[in-house]
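Morning, everyone. Have the sequence and the structure open, please. I will keep this short.

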Amino acid sequence: MAPTPTSPALRPAPRPALRLAAGAAVLVACGLGAAGCGTGGAGAGEGTGVTVTATSAPGGPTTPGGTASLEPGETPATPGRPTGTAAVHTEVPRGEPSLVTGVRFGRHATFDRIVIDFDGPVPGHTVQWTDELVQEGSGKPIDLGGRACLSVLLTPAVAHTEAGEPTWTGGAAPTSLGNVTDVIRAGDFEGRVLIGLAARSQRPFRVAGYTRPDRLVVDVAH
């Protein structure tokens, strides 16, 4: 699916009533906007005038795009190329799942930026390189076509409405990115959302959570 045009940065729409899905889905998504990338944007890295794209599910919330000013109390993300390859694990108290509303992309000079937007606080997350991406719920391996994969597990989180409609779908990542080729929706089951960042090669990465709007920023080196 081709990326949809970006729109001005917005606060995510009010959270719809949620229920846990009875199964898992495997989809491919694309998108990014400037709350996590762009000139002086909150969570911005190096580079100016970065081109961004964004997507959300048909009929679902609109994912923010464009550029955004720093909010009070926020500072830009660390500029420069990421340097770490170790797994990142962050836990939060178990509570109401946060809703994934979209995934956004942007290219910087030395890294690709992937921003996962939420309606609700940034959930716990485990981010690590993996040799095999396994679908949540079914345990079925997902064909990566020989590519590297950075696994992003979110919990507690959901990516669907009460009616079971996905709030995030997509397609391939923009060809302008230097390493990341696809973002795979690899599960939405029992409060766990699994996202796979398919890449040309395993490179250093970094992870940071931000508020206003709530989002998880993952930078993957070229």
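First, a caution. This is a predicted model.

Now the fold. How many helices and how many strands are there? The protein has 0 helices and 14 strands. The chain has 222 residues, and 54% of them count as buried. Next, contacts. Take those between residues at least 6 apart in sequence: 76% of them join residues at least 24 apart.

On to the charges. The structure holds 5 salt bridges. I will show you three of them.

Start with Arg104 and Asp117. Their closest N and O atoms are 2.4 Å apart. This pair links distant parts of the chain, 13 residues apart. Arg104 lies in strand S4, residues 98-107, and Asp117 in strand S5, residues 111-119. Both Arg104 and Asp117 are buried.

Next, Asp182 and Arg147. Their side chains meet in a salt bridge at 2.3 Å, N to O. Here the partners are 35 residues apart. Asp182 is in strand S11, residues 180-189. Arg147 is in the loop between strand S8 (141-142) and strand S9 (148-155). Buried or exposed? Asp182 counts as buried, because its relative accessibility is 14% and the cut-off is under 20%. Arg147 has 28% relative accessibility, so Arg147 counts as partly exposed.

Arg206 belongs to strand S13, residues 205-210, and Asp219 to strand S14, residues 215-221. These two are 13 residues apart. Arg206 is at 18% relative accessibility, so Arg206 counts as buried. Asp219 is buried as well, at 2%. There is a further partner here. Arg113, Arg206 and Asp219 are linked in a network of salt bridges.

Last stop, Thr126. Find Thr126 in strand S6, residues 124-130. Its relative accessible area is 16%, so Thr126 is buried. Which side chain does Thr126 join in a polar contact? The partner is His89, at 2.6 Å. Setting aside neighbours within four places in sequence, Thr126 is in contact with Val88, His89, Ser151, Val152 and Leu153.

That is the tour. Over to you.

How values were computed. Residues are numbered from 1 along each chain as its sequence is written. This is a predicted model: local features need pLDDT of at least 70, side-chain atom pairs count only at pLDDT 80 or more; totals for chains, interfaces and linings use all residues. Side-chain values use heavy atoms; hydrogens and water are left out. Helices (H or I, at least four residues) and strands (E, at least two) are DSSP runs, numbered from the N terminus. Buried means under 20% relative accessible area, exposed over 50%, partly exposed in between (1.4 Å probe, protein chains only). A polar contact is a pair of N or O atoms within 3.5 Å; within protein, one must be able to donate a hydrogen and the other to accept it, and residues adjacent in sequence count only if both atoms are side-chain atoms. Contact means heavy atoms within 4.5 Å. A salt bridge is a side-chain nitrogen of Lys or Arg within 4 Å of a carboxyl oxygen of Asp or Glu.
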